[in-house]
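Here is a short briefing to read alongside the model. Keep the viewer open and follow the points in turn.

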Amino acid sequence: MRRVAYFFGSAAAAGAGTYVVIYLYRWQWQRAILCGVLLLVVEVMLLGIVLLGRLSRIEERMRDADRRQEDVLARLREKEARPAGDRFRWLDEPTSRTYVFVPVLMVTGVLLSGLAWIVQRIASATARPTAERRLAGRLAVLAAPDPARDADPDRMDRMDGMSGVDDLDDLPPIGARGRHGRRTARVLVVSAVGAALIGALVVGLADLTQTREEDAKNSEATSLLLKVDMRGTNMTAERESLAARQLWERCRDSTSVPLSRATLGTLGDGLFAGVVQPALTDHDRMRLRGCLEDTGLDRTHLTVVGIGDADDD
């Protein structure tokens, strides 16, 4: 179930993030804000699922620890509650006579241990130091060489800068340096790729949404054909005309060049025709279309059916 939640949450986050970029490119700010809020909600939900999973695992471990502690405590109490006569029950069985040999074996073990201690003390007192020296000489071939004393220049180069180490215990384990180096390299590569992708996304989005200096159109004006859809039972033609004019006047300032003339006329059946001067460039057309089609009024949706250049006639 958790994997299904991760899958749908990741898919929702990817879709919301994609549409944030798309709406920013189309200059539709309200929709971009809605998708951004949805993206934050999905991320918080995924974070909550991860935290709940970890908290449940911690609670399960704590319950297991409490269960084991209760078992140990029950065993200790059981041992404390056992009667004193049950500690040596093998002494109370008259049918078995093997218990006689147990004290004999215990006394024999004590005597043998004392005899071994006496022999060890005598041997340590009569041993000559030359035997230890002879044994040390035999084992010298197995000792590790001293890097600081026995290393020649060629060997120093092969030891990769470890000549100052006094003991083999100070050296890193075999292969540890290689694993650490590979892990560091992977982290650096992943960080570099992630930074490059984020930088490319930011630069590409900035390049798509920035205002550029474009050549002016040879036409005199730009004409638009708009369609207004409104939800409700009493949406009359006057309400449609008022909504269309409100959106039209609000979006007059969305272009990079000031519009000296922007008229809007009704054609009936929810269709409106608009003319703006001077003629808009491709980038300003996209900005004006994005502003008009963005969610601006309650229960009102405006669609740009067509846009094109108009001459003097």
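Asp 64 and Arg 67 sit three residues apart in helix H2, so about one helical turn separates them; helices here are DSSP runs of H or I with at least four residues, strands are E runs of at least two, and both are numbered from the N terminus. The two residues form a salt bridge whose closest N and O atoms are 2.7 Å apart, where a salt bridge means a side-chain nitrogen of Lys or Arg within 4 Å of a carboxyl oxygen of Asp or Glu. This is a predicted model, in which local features need pLDDT of at least 70 and side-chain atom pairs count only at pLDDT 80 or more, while totals for chains, interfaces and linings use all residues. Residues are numbered from 1 along each chain as its sequence is written, and side-chain values use heavy atoms, leaving out hydrogens and water.

**Salt bridges**

- By this rule the count comes to seven salt bridges.
- Asp 64 is partly exposed at 24% relative accessible area, and Arg 67 is partly exposed at 42%; buried means under 20%, exposed over 50%, and partly exposed in between, with a 1.4 Å probe and protein chains only.
- Helix H2 (residues 29–81) also holds Arg 63 and Glu 60, three residues apart, about one turn of the helix.
- The side chains of Arg 63 and Glu 60 meet in a salt bridge at 2.7 Å, N to O.
- Arg 63 counts as partly exposed at 41% relative accessibility, and Glu 60 does so at 36%.
- Asp 309 pairs with Arg 285 in a salt bridge, with the closest N and O atoms 2.1 Å apart.
- Because Asp 309 lies in strand S4 and Arg 285 in helix H9, this pair ties together parts that are 24 residues apart in sequence.
- Asp 309 is partly exposed at 38% relative accessible area, whereas Arg 285 counts as buried at 16%.

**The sheet**

- Four strands form an open sheet in the order S2-S3-S1-S4, with antiparallel pairing; two strands pair if DSSP finds at least two bridges between them.
- The edge strands are S2 (261–268) and S4 (300–310), each pairing on one side only.
- Neighbouring strands of this sheet are turned by 20° against each other on average, direction ignored; axes are lines fitted to C-alpha atoms, for helices over the stretch in contact, and angles run from 0 to 180 degrees between N-to-C directions.
- S2 and S3 (residues 271–277) run antiparallel and are joined by seven bridges, and Val 276 in S3 is the bridge partner of Ala 262.

**Helices on the sheet**

- Helix H8 (residues 237–250) lies across S1 (221–230), S2, S3 and S4, at about 130° to S1.
- H9 packs on the sheet and touches S1 and S4, its direction making about 160° with that of S4.
- Nine of the 12 residues of H9 are buried, so this helix is largely enclosed by the rest of the structure; among them are His 283, Leu 288 and Cys 291.

**The whole chain**

- The protein chain has nine helices and four strands.
- Buried residues make up 19% of its 313 residues.
- Among contacts (heavy atoms within 4.5 Å) between residues at least 6 apart in sequence, 68% join residues at least 24 apart.
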